[in-house]
Amino acid sequence: MTLLSEVEHQKVDQRDDDAFYDAPRFVTHADDAFLDRLTALYDEHTAPGDRVFDAMGSWVSHLPDTSFERVIGHGLNETELAENDRYDEWFCQNLNETQELPLADDSVDVVCCALSVQYLQFPAAVFEEFARVLDEGGHLIVSFSNRMFPTKAVHAWRQASMDERSELVAAYARAGDLSVVDRIAESGAGDPFFAVVARAT
Ligand SMILES: C[S@@+](CC[C@H](N)C(=O)[O-])C[C@H]1O[C@@H](n2cnc3c(N)ncnc32)[C@H](O)[C@@H]1O
């Protein structure tokens, strides 16, 4: 299924994403209040012993201090992923080139995708993969704010309001045949906190 048109999935910077993420960035991509809220949301939807896949990750995963069976990381920068002390294993893969994940069907209980969904050019195919690897009843948690690397976010994201972005992510989830169970939109003094939670059926 194609969700974004030829125009909507364009980026200003059309160079390879691998080149953009070649140098590690040991920073956080939202303020502390956002990240604390994200950890609380993860805590709500995870349990000890879960198998977690952190898609589009970095050196920090914002996961609660829960004893998971294993945490698999994914991203584009090897140095960042190697520094992430929550990962039991990790791999690099450019999702705008290859969407198929090297993970078995029904092999994880939770998929996290934090502060990154705006960079996906083929979201339907990626979310279909999230659904495939999620075990029945497992949750996908996609979080986002109004920050981004603007030259690397897709056109559809850049021109959308925050509410439209939330609708876009919900549409990505539905394209993957996931049921949207929660949509969170919280704005205060700091970075707005937005998330879409979807369940594999
Ligand atoms: C703003 S960072 C967020 C990282 C992490 N989730 C966090 O919360 O700190 C965006 C991440 O998206 C990932 N990313 C961007 N473009 C990608 C692509 N084409 N394929 C795979 N991952 C990509 C990179 O690994 C990068 O670390």
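**View 1. Val180 pairs with Ala198 of β7 across a bridge.** The model is predicted; local features require pLDDT of at least 70, side-chain atom pairs count only at pLDDT 80 or more, and totals for chains, interfaces and linings use all residues. Residues are numbered from 1 along each chain as its sequence is written. Strands β6 and β7 run antiparallel and are joined by 7 bridges. Strands (E, at least two residues) and helices (H or I, at least four) are DSSP runs numbered from the N terminus, and two strands count as paired if DSSP finds at least two bridges between them.

**View 2. Seven strands form an open sheet with mixed pairing.** The strand order is β3-β2-β1-β4-β5-β7-β6. β3 (89–92) and β6 (179–186) are the edge strands, each with a single partner, so one side of each has no neighbour in the sheet. From one strand to the next the twist averages 15°; axes are lines fitted to C-alpha atoms, for helices over the stretch in contact, and angles run from 0 to 180 degrees between N-to-C directions.

**View 3. Helix α4 packs on the sheet.** The helix touches β1 (51–55), β4 and β5, and its direction makes about 140° with that of β5. Contact here is between residues whose C-beta atoms, placed from the backbone, lie within 7 Å. Pro123, Val126, Phe127, Phe130, Ala131 and Val133 of α4 are buried, that is, 20 or more other C-beta atoms, placed from the backbone, lie within 10 Å of their own. The cover over the buried residues of α4 includes β1, β4, β5 and α6 (162–175).

**View 4. Strand β5 (residues 134–144) has 8 of its 11 residues buried.** β5 pairs with β4 (residues 108–114) in the parallel sense over 6 bridges, where Ala114 has Ser143 of β5 as its bridge partner. With β7 (residues 193–199), β5 runs antiparallel, again over 6 bridges; there Ser143 stands opposite Ala195.

**View 5. The ligand is surrounded by 17 residues.** The closest are Asp17, Gly75, Leu95, Ala114 and Ser116. The shell divides into 8 nonpolar, 8 polar and 1 charged; Ala, Val, Leu, Ile, Met, Phe, Trp, Tyr, Cys and Pro count as nonpolar, Asp, Glu, Lys and Arg as charged, and the others, Gly among them, as polar.

Note on methods: A residue is near a molecule or strand if its C-beta atom, placed from the backbone, lies within 6 Å of it. A residue is buried if 20 or more other C-beta atoms lie within 10 Å of its own, exposed if 12 or fewer, and partly exposed in between; C-beta atoms are placed from the backbone. Two residues are in contact if their C-beta atoms, placed from the backbone, lie within 7 Å.
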